[in-house]
Amino acid sequence: MIGNRMLETLKNILLKVENGSGSDFSGIGIVVYSDMNGIPVFPLHSSYYDRNEGKELESILIEISKLGSPYHDGFHFISSDAKLTHISQYFSPPIVQSINVDKSKIVGGRYMAALFGSCLQNVLLTGIVTNSNGIIIFENGKEIFFKEIMWLTYCH
């Protein structure tokens with residue numbers, strides 16, 4: 001089991017992203033890793049996001065998680081020392097047949113990639129924030145944190 005410090009760090013990041021998101025929030029997927037070696041990723045952009053100087057990690061993640069951002073798709077990677085190292089990565093972990101999938105939740109590509117990806121050797125934790133499921137953190141193929149979110153709908 002990952003230390004409580006790393007779990008609390010990821011939980012706080014995802015809570016701040018959720019709290020700072022607006023109606024244009026696309027959802028987010030995060031991978032916390034110890035080493036990128038062996039993690040199946042492919043960059044979705046040829047250019048690197050370079051507007052992160054002097055900004056808090058959570059502010060960057062909120063900004064790139066808006067539907068209007070070209071970087072909103074894919075997973076974003078955070079090193080074990082809590083540094084954002086890769087953004088907008090296609091993350092394609094292998095299917096793990098032995099995992100029990102909670103079908104009471106709405107499962108999609110982001111959910112399944114986070115669940116399966118949490119089983120990879122150099123992945124410490126994965127986390128998602130989605131409009132349909134709220135905040136979920138996975139470790140070793142198991143959900144270890146869940147927070148339902150009541151999304152506000154604005155009517156005109």
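**The S3–S4 hairpin**

I started at the hairpin of S3 and S4, which has 4 residues between the strands. Ala82 in its turn has a positive phi of about 65°. Strands here are DSSP E runs of at least two residues, helices are H or I runs of at least four, and both are numbered from the N terminus. I am working on a predicted model: local features need pLDDT of at least 70, side-chain atom pairs count only at pLDDT 80 or more, and totals for chains, interfaces and linings use all residues. Residues are numbered from 1 along each chain as its sequence is written, and side-chain values use heavy atoms, with hydrogens and water left out.

I then looked up the pairing, which requires at least two DSSP bridges between two strands. S3 and S4 are antiparallel, with 3 bridges. Phe75 stands opposite Gln89 of S4. S1 and S3 run parallel, joined by 5 bridges. There, Gly29 has Phe75 as its bridge partner.

**Burial of S3**

Buried means under 20% relative accessible area, exposed over 50%, and partly exposed in between, with a 1.4 Å probe and protein chains only. In S3, 5 of the 5 residues are buried, so the rest of the structure largely encloses the strand. I checked each face. Phe75, Phe77 and Ser79 are buried on one side, His76 and Ile78 on the other. In a regular strand the side chains alternate between the two faces of the sheet.

**Aromatic pairs**

I counted ring pairs of Phe, Tyr and Trp (its six-membered ring) with centres within 6.5 Å; planes under 30 degrees apart are stacked, over 60 edge-to-face, the rest tilted. The count is 4. Phe77 and Phe91 are edge-to-face, at 5.7 Å centre to centre and 85° between the planes. Phe77 lies in S3 and Phe91 in S4, 14 residues apart. Tyr111 and Phe138 have centres 5.3 Å apart and planes at 90°, so I logged them as edge-to-face. This pair links helix H3 to strand S6, 27 residues apart. Ring pairs also link Tyr33, Phe75, Phe77 and Phe91 into a cluster.

**Nonpolar cores**

I took a core as buried Ala, Val, Leu, Ile, Met, Phe, Trp, Tyr and Cys residues joined through side-chain atoms within 4.5 Å. The largest has 26 residues; Leu14 and Ile28 are among those with the most contacts inside it. Helix H1 gives the largest share, 6 residues. Apart from this core lies another of 20 residues, including Phe91 and Val123.
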